[in-house]
Amino acid sequence: MRARAEDLRRDGRRIAVVPTMGALHDGHLALVRHARARADIVILTLFVNPTQFGPTEDLSRYPRDEVGDLAKARPAGIDLAFCPPASAMYPAGAQTFVEVRDLQQPMCGASRPGHFAGVATIVSKLFNITLPHLAVFGEKDYQQLAIIRRMVRDLDFDIEISSVPIVRESDGLALSSRNAYLTPEQRTAALALSRGLAAVETAFRAGERSSAALLAAARAPIESESLARIDYVELRDADELTPFATTVDRPAVLALAVVVGATRLIDNRVLE
Ligand code: AMP
């Protein structure tokens, strides 16, 4: 892969990479189209990264469909796909990890210890292998995007990071490979996430700036859904991910993780 990327760079081609764990849906394809419009060569990576899964998480049952993924990605405009086996990415003896110290602590980092070190490490490795000028990520994984932006800045990666807004089903549910785990009943219950975000947005637009009141507005529709259990609902500075003491006086992100049945779903809304 790197030899191909080096050749393409030598020929003056602008390379974009779209890192994914596969089980592609329209959210991923929006990333591919975004990359297609901004680069000469689009590389899709498909890799279910074991180091970002905790010991009790869904690594073994995470949906995998490489053939189906490539069939969807080709018409969306990829030139190359990089689908390495785990043994190639983590040969025996690998012991170096990338950590973005503060941004990785709260929210998903608190619920999933080690998750973001796994993410930052695999993204660094994929950058070093695919040699992109541009890398495209979704805003659905808001904390991940913040971490990667900071990592690129801190470690002097010469790579532009570009983001794509959250792609949703028509009823508001954010697309996710994990939605495939939901029963029809759980699928309906999962709408509590986007209802919570809609409630907080309505309150914010009406002028509410109390952090506690905005958090309460987001929690109410989720707490009234019996199949949903809140992992976290947080309102934080949009860049630094620090909490607000009382009043929201800077751009903010309302981020949430909710477990529906056994499936953990995340979503977010920027308030500014
Ligand atoms: P994943 O395969 O879930 O690790 O996601 C790969 C990339 O797709 C990440 O940059 C995600 O943020 C992005 N992504 C996943 N779901 C969505 C969505 N519904 N809308 C936009 N981007 C998404």
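## Helix H2

The buried residues of helix H2 (26–36) are Gly27, His28, Leu29, Ala30, Leu31, Val32, His34 and Ala35, in a predicted model. Buried stands for under 20% relative accessible area, with a 1.4 Å probe and protein chains only. The helix is mostly covered, with 8 of its 11 residues buried. Helices (H or I, at least four residues) and strands (E, at least two) are DSSP runs, numbered from the N terminus.

These buried residues pack against S1, strand S2 (41–46), helix H3 (66–76), S4 and strand S5 (160–164); contact here is heavy atoms within 4.5 Å.

## Ligand shell

H2 also gives the largest share of the shell around the ligand, 3 residues. Of the 17 residues around the ligand, Met21, Gly138, Asp141, Val167 and Leu175 come nearest; a residue is near if one of its heavy atoms lies within 4 Å. By class, the shell has 9 nonpolar, 6 polar and 2 charged residues. Asp, Glu, Lys and Arg count as charged, Ala, Val, Leu, Ile, Met, Phe, Trp, Tyr, Cys and Pro as nonpolar, and the others, Gly among them, as polar.

## Backbone contacts and cover

A backbone N or O atom of Gly138 is 2.8 Å from a ligand oxygen atom. Val167 places a backbone N or O atom 2.9 Å from a nitrogen atom of the ligand, and a backbone N or O atom of Leu175 also lies 2.9 Å from a ligand nitrogen atom. A polar contact is a pair of N or O atoms within 3.5 Å.

Of the 480 Å² of accessible area that the ligand has on its own, the protein covers 93% (Shrake-Rupley method, 1.4 Å probe). Strand S1 (15–20), helix H2 and strand S4 (134–138) are the elements that give two or more residues to the shell.

## Basis

Residues are numbered from 1 along each chain as its sequence is written, and side-chain values use heavy atoms, with hydrogens and water left out. Local features need pLDDT of at least 70 and side-chain atom pairs count only at pLDDT 80 or more, while totals for chains, interfaces and linings use all residues.

Notes: Polar contact = N/O pair within 3.5 Å; in protein donor to acceptor, adjacent residues only side chain to side chain. Buried < 20%, exposed > 50% of the residue type's maximum accessible area, 1.4 Å probe, protein only.
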